[in-house]
Amino acid sequence: DQILVHERSVAHREYRAVPLQLHEQFGKLVGESRDIWMQARQTSNFSIFEPYLQSLVNINIEIANCLGYTESPLDPLIGKYEPGITVKKCDDMFKTLRNVATNLLQRINESNVTINTDFMKKSYSKVKGLELCHRILHRIGYDYESGRLDTSVHPCTFTMNQHDVRILTTHKEGEFWTFPIGAMLHEFGHAAYDMNVDSELLNTTLSPVRYAALQESQAKFWEMIIGRSYEFWQCNYDDLIDIFPSELAHLSLSDIYKGICSISPNPSTRTDDITNNLTNMIRYEMEKALIHRNIKARDIPLTWGELTNKYLGVIPKNIVESVLKDPHWASGMFGYFPTYTVGNVYAAQFYYAMIHDIPDAMLQISRGNFFSIHDWLRNRIHRHGMIMQPNELIEFVTGECMNTNYLAVYLAEKYRDLYNLK
């Protein structure tokens with residue numbers, strides 16, 4: 001009860017810190033901005049969205065001033081989504097990952113290893129793709145009595161309560177892994193988290209978990225770490241070939257695994273485990289510059305191109321692939337982008353903690369046994385809901401605070417083996 005009262009008092013205090021008139025202005029502006037953002041995407045015209053983006057920046061700065069901060073006006077905005085995460089922590093995190101990622105990309109580009117990704121770009125039956133998703137979900141332990149899988153324009157998870165958690169994936173031509181399989185695994189991670197919160201927390205504000213990075217960690221744990229592992233495809237390879245015999249039977253298990261884990265030549269359309277963190281960093285750097293008033297909304301297209309060319313070696317083909325790609329800023333969500341990579345960091349840290357506790361976890365996965373992994377996740381992470389703050393849960397599970405080095409090691413080891421890097 002004390003934790004519940006504390007959580008509600010913090011939320012109430014933050015809400016009262018922002019004047020009612022500013023709340024109303026923010027809501028009205030977001031409603032208008034989303035419509036203009038959609039028009040801008042349809043017409044590839046950033047200029048009509050630019051004044052709304054600048055207004056959103058300005059009002060977020062006002063909100064940050066109301067909430068109060070010690071070092072950066074972006075701190076309270078990030079804190080709305082993941083308490084305890086600050087600009088300083090994000091800067092340190094991205095510095096480590098930027099160094100690791102740029103080094104790996106350079107070495108991969110210089111390597112003589114070529115990975116076949118042709119099968120990733122082909123067209124596949126939407127019905128068969130959904131059938132494969134169902135088979136995988138059954139194998140990994142999705143509770144169909146408390147949920148279901150359907151398709152939509154955009155993948156997401158709908159949680160009514162822990163006994164009704166529904167997954168939506170999507171199908172896109174030429175993106176075999178990401179849609180529908182990767183998206184399904186991502187949403188399964190969210191669903192498993194929401195389904196396994198302790199029943200005593202049901203119908204309280206401590207469930208489901210609303211911490212953005214913690215939620216993302218469970219989605220990325222399944223999509224990135226489990227779903228892109230060799231062992232995962234060992235136990236799902238036969239189903240893959242059974243459903244797509246003419247398309248994939250000529251490919252070995254190793255071919256499938258390497259293709260799914262390969263580095264994307266165009267991160268603006270498909271990101272991988274390395275470039276995903278760099279694209280998050282680019283968005284974070286731009287919103288930090290906007291909130292610190294170092295640049296204005298009109299500078300975003302040029303700045304975006306410069307940063308993607310610097311860190312990814314590509315220039316966006318058009319404005320829709322860059323500035324207008326994501327709805328976050330149009331929704332007023334400044335400070336959200338870094339939580340994606342914080343979630344990746346948590347996921348890697350949880351993975352190594354799990355391997356410490358269950359040394360043969362990946363061997364069990366290769367044999368189609370996911371029970372001990374679910375038990376570990378449920379007892380160590382899921383059941384606690386929002387009883388603990390994110391930093392408290394990380395230390396409870398792993399014995400230390402957030403540590404980016406685990407993700408750095410995970411990436412270095414994985415891509416060293418994949419591309420035979422020295």
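**Terms and values**

Reader: What share of the contacts joins residues at least 24 apart?

Author: Among contacts between residues at least 6 apart in sequence, 73% join residues at least 24 apart. Contact means heavy atoms within 4.5 Å. This is a predicted model, where local features need pLDDT of at least 70, side-chain atom pairs count only at pLDDT 80 or more, and totals for chains, interfaces and linings use all residues. Residues are numbered from 1 along each chain as its sequence is written, and side-chain values use heavy atoms, without hydrogens and water.

Reader: How many of the residues are buried?

Author: Buried residues make up 55% of the 422. The term means under 20% relative accessible area, with a 1.4 Å probe and protein chains only.

Reader: What makes a nonpolar core?

Author: A nonpolar core is a set of buried Ala, Val, Leu, Ile, Met, Phe, Trp, Tyr and Cys residues joined through side-chain atoms within 4.5 Å. The largest one here has 136 residues, and Trp233, Leu248 and Ile300 have the most contacts inside it. Helix α14, residues 337-357, gives the most to this core, with 10 residues. Helices are DSSP runs of H or I, at least four residues, numbered from the N terminus.

Reader: Which residues does Ile300 touch?

Author: Not counting residues up to four places away in sequence, Ile300 touches Phe46, Leu53, Met286, Leu290, Ile295, Val323 and Trp329.

Definitions and conventions
Buried means under 20% relative accessible area, exposed over 50%, partly exposed in between (1.4 Å probe, protein chains only). Helices (H or I, at least four residues) and strands (E, at least two) are DSSP runs, numbered from the N terminus.
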